[in-house]
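Please look through the structure shown below. The paragraphs after it go through its parts in turn.

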Amino acid sequence: MTNGHPLIELSHLHRNFGRTRAVCDVSFEVKPGHVFGFIGPNGAGKTTSMRILATLDMPSSGDAFVDGFSVLQDPDRVRGRLGFMPDYFDTQPNILVSEYLDFFARAYGLVGAERLRAVRYVMSFTKLDTLADKPIDGLSKGMKQRLCLGRAMIHDPPVMIMDEPAAGLDPRARIQLREMIGQLAADGKSILISSHILTELAEMCDTVAIIEQGRLLAVGTVEEIHQARQSQRSVQLQVLGGSEALVTWLGRRADVHELRATGEMVEFLHDGDQQTEADVLRDMIQAGFRVAAFGSRAKSLEDVFMQVTEGLVQ
Amino acid sequence: MSTLDQSLRGTELPEAAPPTTRWDRFETVLTRFSEHLNPILVKEARQALRSRQFTVTFFLMLAAGWGWSILGLAILGPGVYYSSDGPTMFYGYHVVLAFPLLVIVPYAAFHSLSAERQDRTYELVSITSLDARQILSGKLCGIMLQMMIYLSAVFPCLAFTYLLRGLDIFTIILAVVYTCFMSLGLSVLGLLFATLSPPRQRQISQAVIFAVALFGGFWINMSMVFGMLMDSRGIMVESPEFWQANLAALTFYISGFSLAFLTARSQLTPVSQNRSTALRVALVGAQLVAVYWAAWAQLRWGGNVIFGLVFASTVLWYYAGIFLTGESGTLSPRVKRDLPQTSLGRVFLAWFTPGPGTGYLLAVCGMIAMTLVAALPFNEIATQLRVVAPLAVPGPAPAGGFRLLRADVLQAAIIATCYVIIYLGIGKLIMAAIGRFTELRPTARVLVHFVLLLLGGGIPWTFQMSQPVLRSYGYTLWQITNPVWTIWECCYKGVPVGAGGVLGAVLPLAALVVLGLNMPSLTDELTQVRVPKPPRVAEEDAALAALKNPAPARSSPWD
């Protein structure tokens with residue numbers, strides 16, 4: 001189906017609303033079987049980019065491709081290849097869960113036994129089979145979210161776009177959703193997902209893109225972004241006999257930033273890797289400081305996000 | 001291999017028990033048939049039949065039907081056996097039927113699409129494999145289903161009126177058929193109205209305006225059926241005029257219905273696709289229908305009936321031209337894939353390809369064609385050829401022999417054509433100039449033309465009306481920029497004496513100048529060439545074609 005080309009491709013995408021640049025020169029690719037996390041503050045342009053990919057909006061310039069088909073030129077071919085899970089719920093009245101899925105299966109051209117099997121499978125996958133005869137307007141938020149996922153995957157698309165799928169879900173529902181997404185990716189689907197819950201994205205995504213004010217600030221794995229940004233490691237240590245002298249000593253070093261001290265505890269950011277951290281520890285001990293504990297950790301996705309973005313809103 | 005394929009391979013559906021009874025077999029056939037139904041129809045039927053609005057309306061209809069049966073018979077008393085009270089009873093039942101059909105059903109159609117677009121449910125449907133045509137036709141089928149169910153509620157009552165005196169079966173059928181057609185027409189207008197999607201604050205006023213229009217339609221239907229029932233002559237089934245009038249109404253209905261449906265469809269179709277060609281073909285179809293029936297009316301009644309065609313065509317092409325000339329000048333690569341390739345194709349099909357220039361050309365050609373047809377001396381042709389002589393009004397042979405064209409109609413039609421060329425052309429130039437700086441919304445484009453018409457017509461009218469000396473003169477040359485008054489004057493009073501020469505010289509000259517100014521952009525559009533399909537599309541098309549027509553299997557070693 002894919003012939004080696006990426007299943008999702010954004011090429012110099014721009015979208016302006018009057019003078020507001022919602023999306024500005026955004027380009028990236030998602031390969032088959034990859035989960036791509038799209039993160040950014042509110043109003044950064046994530047939803048707009050996803051809506052363009054889902055053929056619900058038109059770019060001002062640039063183009064986006066799904067399985068090699070342009071969303072501008074061939075929206076009809078794109079639609080059959082993607083499942084879109086928006087950040088809002090469907091509010092169809094007087095319709096049951098099974099009828100709702102049956103309708104979308106028909107709308108995607110599934111007929112006869114193929115349609116029945118698809119509905120049955122999706123209900124089982126999303127664990128909605130016990131709710132088949134319930135009206136959809138009586139479902140809880142978590143159930144509606146699962147129904148949305150079911151609707152998006154009813155025609156077995158190779159590409160899935162999920163806008164804030166975990167928003168408002170309880171921890172159990174989030175874990176279940178994460179498992180489902182992992183399973184879909186394992187089956188070779190390309191998944192583009194946006195979320196505010198960065199810890200979850202870090203666990204799920206192979207690649208992340210950080211967007212702010214419509215501009216793509218960084219793309220790659222968390223590690224790659226980390227390294228590209230001259231990454232810093234967070235160091236915590238305990239020094240016996242008070243920390244004032246150590247803080248003064250550390251403050252003279254150029255590779256130490258954001259020093260904080262509370263009693264015997266000292267925390268700082270250090271430019272460098274574990275090797276240079278070991279050198280700092282050696283220097284401290286040689287300088288006569290009585291270091292009782294020393295630990296460090298690489299930056300999390302949250303740290304990277306905070307470092308990359310500036311919290312700017314258009 | 002994808003998730004579904006893998007999993008479905010393992011899960012086989014339980015074998016359905018073979019049908020044993022006739023009912024089971026019938027149900028199996030129905031299930032198979034339902035596979036071919038429009039998915040929107042299936043969904044709408046499920047939703048509508050469960051809705052409170054449907055349940056309440058259906059039971060109210062039943063109650064009203066029974067109520068009127070008891071009340072009507074109580075009022076008529078024993079007279080029901082011998083007096084002609086069938087029409088009275090029928091009219092009561094017709095009110096019970098027509099209200100849901102002409103008010104509730106079309107409003108439900110409007111509300112269904114409008115609400116779906118407001119709460120973005122429509123978006124989720126629009127990104128499925130269903131196109132705008134399928135979505136709209138599914139909704140219309142759902143509406144027809146509701147109509148049939150409502151009809152079934154009062155059907156026994158309508159059948160009962162046939163047993164009464166003073167009413168024939170034909171009148172009953174005709175009243176019901178007219179009402180059903182009217183309901184369907186109002187429903188398609190409701191869908192069209194819903195696609196216009198004004199800002200949220202104006203949606204309520206849009207709904208109110210539509211509801212008022214529906215009550216207007218209901219009142220018209222009531223008056224029409226009342227007229228039918230009270231006509232002492234009854235329905236003149238034997239009269240050919242009756243059938244001709246019905247045929248005319250049907251063709252106008254089909255033409256108007258197609259225009260409304262295709263406009264709604266183009267509103268819902270993605271902008272990158274061709275949203276214009278089908279609508280243009282329907283416009284030409286509407287013009288042909290108008291020309292045919294205007295010619296028929298001219299042959300039948302003679303006189304100046306044909307001037308109605310001049311006026312109607314001017315309104316049609318000017319109104320359509322406003323939207324056609326407002327189309328984007330840049331064709332999407334998708335549209336360019338289907339442009340005519342040959343020179344002959346470009347000459348005859350370019351008018352139908354999207355673009356403001358080709359839209360302008362279509363409107364101008366439509367007006368020119370109407371001018372040539374309207375000016376034909378129909379009665380003389382009929383007399384000479386004796387082809388449709390029975391329809392023609394007999395009259396004296398024209399003095400001076402056979403005329404090629406009717407001068408008075410020709411003059412009026414040329415003036416009307418010139419106005420269309422001038423006003424649409426100037427509007428198009430203004431929009432092209434504004435379009436260099438900012439993107440114009442469709443409402444702004446309509447506004448440009450409206451302001452232009454208001455300036456051209458309103459300023460001289462206000463000037464003449466404000467001058468006591470000029471006010472009493474009627475039409476004067478001050479109104480040369482006023483297309484409405486000038487065309488009206490030419491069509492219904494003849495070309496004004498003394499002004500004819502000036503109008504005949506100035507307007508065609510101005511039209512030529514405006515047409516010339518629009519030529520460069522028109523040439524740009526006409527010289528666009530077809531672009532090839534993107535490789536990915538060509539690759540998929542080839543794969544699909546191979547799937548449809550597999551290569552023939554080798555039947556011998558020499559193949």
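In this predicted model, the contact between the two chains takes 41 residues from chain A and 37 residues from chain B. On the side of chain B that touches chain A, at least two residues each come from α1 (3–10), α3 (39–50), α6 (121–126), α13 (333–336) and α22 (535–548). By class, the residues of this side of chain B divide into 14 nonpolar, twelve polar and eleven charged.

In chain A, strand β3 covers residues 35–39, and five of its five residues are buried. A:V35, A:G37 and A:I39 point one way from β3(A), while A:F36 and A:F38 point the other way; all are buried. β3(A) pairs with strand β8 (residues 190–194) of chain A in the parallel sense, over four bridges. In that pairing, A:V35 stands opposite A:I191 of β8(A). β3(A) also pairs with strand β9 (residues 207–212) of chain A, again in the parallel sense and over four bridges. There, A:F36 has A:T207 of β9(A) as its bridge partner.

Helix α1 of chain A, residues 46–53, contains A:T48. Is A:T48 buried or exposed? It counts as buried because 21 C-beta neighbours lie inside 10 Å of A:T48, and the cut-off for a buried residue is 20 or more. Apart from neighbours within four places in sequence, A:T48 is in contact with A:R15, A:A22, A:V23 and A:D57. A:H14 is 34 residues from A:T48 in sequence, and the two are 9.9 Å apart in space, C-alpha to C-alpha.

The next topic is the nonpolar cores. The largest nonpolar core has 190 residues, and those touching the most other members are A:V66, A:I161, A:I191, B:A363, B:A412, B:I415 and B:V420. Helix α5 (residues 86–118) of chain B gives the largest share of this core, 17 residues. A second, separate core has seven residues, among them A:V239, A:L246, A:F268 and A:F289. Returning to A:I161, its contacts beyond four places in sequence are A:M50, A:L53, A:A54, A:L82, A:F84, A:M85 and A:L192.

Two helices of chain B come next. Two packed helices are described by the angle between their axes and the distance between the axes. Helix α15 (residues 356–374) of chain B packs against α17(B) at an angle of about 175°, with the axes 8 Å apart. α15(B) is therefore roughly antiparallel to α17(B), a term that applies to angles over 145 degrees. On the α15(B) side, the residues making the contact include B:P356, B:Y360, B:A363 and B:V364. On the α17(B) side, they include B:V409, B:L410, B:A413 and B:V420. By class, this contact has 16 nonpolar, three polar and one charged residues.

Helix α17 of chain B, residues 407–435, also holds B:Y423. B:Y423 is buried because 22 other C-beta atoms lie within 10 Å. Leaving out neighbours within four places in sequence, B:Y423 is in contact with B:Y318, B:L452, B:L453, B:G456 and B:P483. B:A211 is 212 residues from B:Y423 along the chain, and their C-alpha atoms are separated by 34 Å.

Conventions. Residues are numbered from 1 along each chain as its sequence is written. Chains are lettered from A and ligands numbered from 1 in the order in which they are written. This is a predicted model: local features need pLDDT of at least 70, side-chain atom pairs count only at pLDDT 80 or more; totals for chains, interfaces and linings use all residues. A residue is buried if 20 or more other C-beta atoms lie within 10 Å of its own, exposed if 12 or fewer, and partly exposed in between; C-beta atoms are placed from the backbone. Two strands pair if DSSP finds at least two bridges between them. Two residues are in contact if their C-beta atoms, placed from the backbone, lie within 7 Å. A nonpolar core is a set of buried Ala, Val, Leu, Ile, Met, Phe, Trp, Tyr and Cys residues joined through C-beta atoms within 7 Å. Ala, Val, Leu, Ile, Met, Phe, Trp, Tyr, Cys and Pro count as nonpolar, Asp, Glu, Lys and Arg as charged, and the others, Gly among them, as polar. Axes are lines fitted to C-alpha atoms, for helices over the stretch in contact, and angles run from 0 to 180 degrees between N-to-C directions. Angles under 35 degrees count as roughly parallel, over 145 as roughly antiparallel, 65 to 115 as roughly perpendicular and the rest as oblique.
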